[in-house]
Amino acid sequence: MRTEVFSGLKVLDFSWAIAAPWTVKYLADHGATVIHVESASHVDIIRAGPPFKDGKPGIDSSVYWVNYHCNKYGLSLNLKHPRSLGLIKKLISWADVVVENFAPGVMQRWGLSYEEVKKVKPDIIMLSSSQFGQIGPLATMPGTGVQLTSYAGFNYLTGWEDRDPCVLYGGYTDCSAARFGAVAIIAALLHRRRTGKGMHIDLSQYEAGLNLLSPVLMDYQVNGRIAVRKGNYHPFAAPHGIYACQGDDNWCAIAVFSEAQWKGLCSTMGNPEWSRGNKFSTLPERKNNEDELDRLISEWTITLTAEEVMYKLQESGVPAGVVQKSEGLYNDPQLKHRGYFWEVDHPVIGRHLLESQAFQLPKSPRKLKMPSPRMGEHNEYVCREILKLPDEEFVELLNEGVFE
Amino acid sequence: MDKETEGLLSPYRVLDLTDERGLFCAKVLADLGADVTKVEPPGGCTARKIGPFHKNIPHPEKSLFWLAYNANKRGVTLNLECENGREIFRKLVTTADVVVESFPPGYMKDLGLGYDDLCRIKSDIVLTSISPFGQDGPYCHFQASDLTCWSMGGFAYLTGDLDRPPVQISFPQAYLNGAHEAAVATLLALYYRDVSGEGQHVDVSIQASVIKDMMNAPLFWEADGVNLGRAGPFRIGLSLSTGQRVIWKCKDGEIAFFIWGGKAGARTNRALVAYMDEEGMAPTFMKEMDWENFDMATATEELFNRFSEYLGRFFLAHTKEELFREAAKRKMTLYPVQTVADIAADQQLKERDFWEDLEHPELGQQVIYPHLPFILSEKLAIKKRRPPLIGEHNEEVYLGELGLSKEEMTKLNELGII
């Protein structure tokens, strides 16, 4: 019986960095046959990105890179070699989907624009994901998700009004771009099943990020208001914040929206004298005296561990959650229950945990079939088993330096 | 199918029962042409109370949060807590492909509308459930908010100034990330259904969605036993010895730039030093740096501090517009920290037709909406509609599609069911 979503789907994957590998991960983890093409002379920055096995950089030892490329075959090509293009065209005629996230112009220079790809495979679905999309005055502006997150307005909205904006770890716009990339590919596949037509998807990572800020963008368009950063302030919840707990830099988030939750919080704290006065009896009062309220709550939370605060408040029906450190995520009983981390044995890195998916599909579950490929690990497999090239041709390509 | 309104997802019908935890999921599907019906309790969805509001007037038809995440959906009201309401809902399910919900886990089942119940009505239904931690497991009944999900997912710990508490993004993101992940998961399930004939119950965790947003941060624990933390305007994780400033003050705001290694870093670093030098602001040691062999992993904090002194002075002498113009010309990875006002004026978005005007006769004006972030080579014409008013399509759906009589509708209305 069929149990994988994408059994039989073939994906030719030129992805690098994060946004597009993350898109392809949805397909690879759910049964698609994915051939990832890369180059050893222009190594993916993530292969050179920490953390590394034993802290030692190496082309196959980035724990970061292997988090995104499991369940794929790895092909390493010298794209400058004249015979590479022929091999790639064979792969295109094999593929249903092509994914790339180079700067606009790169695929064109290789003779792999959508128009060229389409000539080889008329119903191909091709995703091109880039900072600003394939067209527009900024299309070729270099950059990464780090700077793009600033450009898309997120940093201006992060931190405290009296301080500089804060960094968002990683490249936050990539997250939305990765998800929209998968949405577009799958929707295009459903459309192709009905109509037989493929298409090119020109995705702007900038615009993907902006879709997560729509209401504040519209607030400016309609009301002229420029949204600002305001810590953890919430207009209709109090207390609403992150409070220091026992130990070294340990915190618990508490969010009180209703009177029932406020009563739950007070009783959990043992109904201290201060909580009984008029100052905090209603939401408007609590908002008026919020700084004092936050200080008083911190005096209580600091006497307990973050976990104690969370469990005690949960017992009283109050939204509360520890501010997890990375260590906490690996020990989180809920994530364990969901099998969020996959244990994999990688030939260079050894046994380690990598991330799977945030959702469960009980009838077509994700599967870990193979660790992320070492550079060029499947050159022979791809040529002989997938493309069925004659042995002589494979050896010829090998001797001519098509692989690297 | 009407060719005028053919979208990628036109044949699919979606019932959206979510609140602010999930509205974005079906919004994405609706933008792609799915026929999405937002089912709200009589009186309207709680997300209609979320500001900001049109002209700052708090009103259920004027919430910009509501508008932003419900365009292209139709809307009906229905009370699922009484049997007559559930009966109507079951009728709606007979023609649906997908039901999306974000109630507390177990709520639908208690109403007799759990996955097994829906399967008896429509055997291949896809039910997508969005919840803070998932449908089962030790935390599944935990009370949560966007802030607690952001915290439990670990992103809060990486965000904010070190001498103050960790923070969320001031326009909260945890729920949106969960709903976005749910859109992907729903499409996976639909694809599987179309090839296998089987529907399923999709279970999305908002907490796990947040973890994915942190990229390699958690991996530092797995590989090195290190918990990365927050560092205000600095970026950490590239070099274990120090962080790099990313956010810098300039004459009229802030810009984002950081010193980086590798080929891409070398290109930008050299271009920036040349730019500084043209204005007599580049120190000799930066002009003489061997940027090609600059190694982030071994660079010291002292060296970064020396860079910062000169970079900080240079940026302060320029506006964000000047710096970005030069960055584009010189191919440097330097961007302004934009506000929503800067974004509204951005020519890039205009040239890609990112903004979409929808008529809002009730508000007496057009409202500008962000478009989906991609341009498709197959031109598809999806009929656009502004978000539904409360119960706007009750007649269209209940009379037109379910075939109820006017009298039945009046009665349901009187009973507070629709």
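Into which domains is chain B divided? Chain B comprises domain 1 (3–213 + 350–414) and domain 2 (233–337), with bounds from an automatic or database domain assignment. Select both: their C-alpha centres lie 43 Å apart.

This is a predicted model, in which local features need pLDDT of at least 70, side-chain atom pairs count only at pLDDT 80 or more, and totals for chains, interfaces and linings use all residues. Residues are numbered from 1 along each chain as its sequence is written, while chains are lettered from A and ligands numbered from 1 in the order in which they are written.

Next, select the sheet of chain A. Strands S7, S8 and S9 form an open antiparallel sheet in that order; strands (E, at least two residues) and helices (H or I, at least four) are DSSP runs, numbered from the N terminus, and two strands pair if DSSP finds at least two bridges between them. S7 (240–245) and S9 (320–322) of chain A are the edge strands. Between S7(A) and S8(A) (250–255) there are 6 bridges, and Tyr243(A) has Cys252(A) as its bridge partner.

Finally, display both chains. In contact are 127 residues of chain B and 133 of chain A, contact requiring C-beta atoms, placed from the backbone, within 7 Å. Helix H7 (174–196) of chain B gives the most to the side of chain B that touches chain A, with 15 residues. Select also S12(A) (359–360) and S6(B) (200–205), which pair antiparallel over 2 bridges; there Phe359(A) stands opposite Val204(B).

Technical notes: Two residues are in contact if their C-beta atoms, placed from the backbone, lie within 7 Å.
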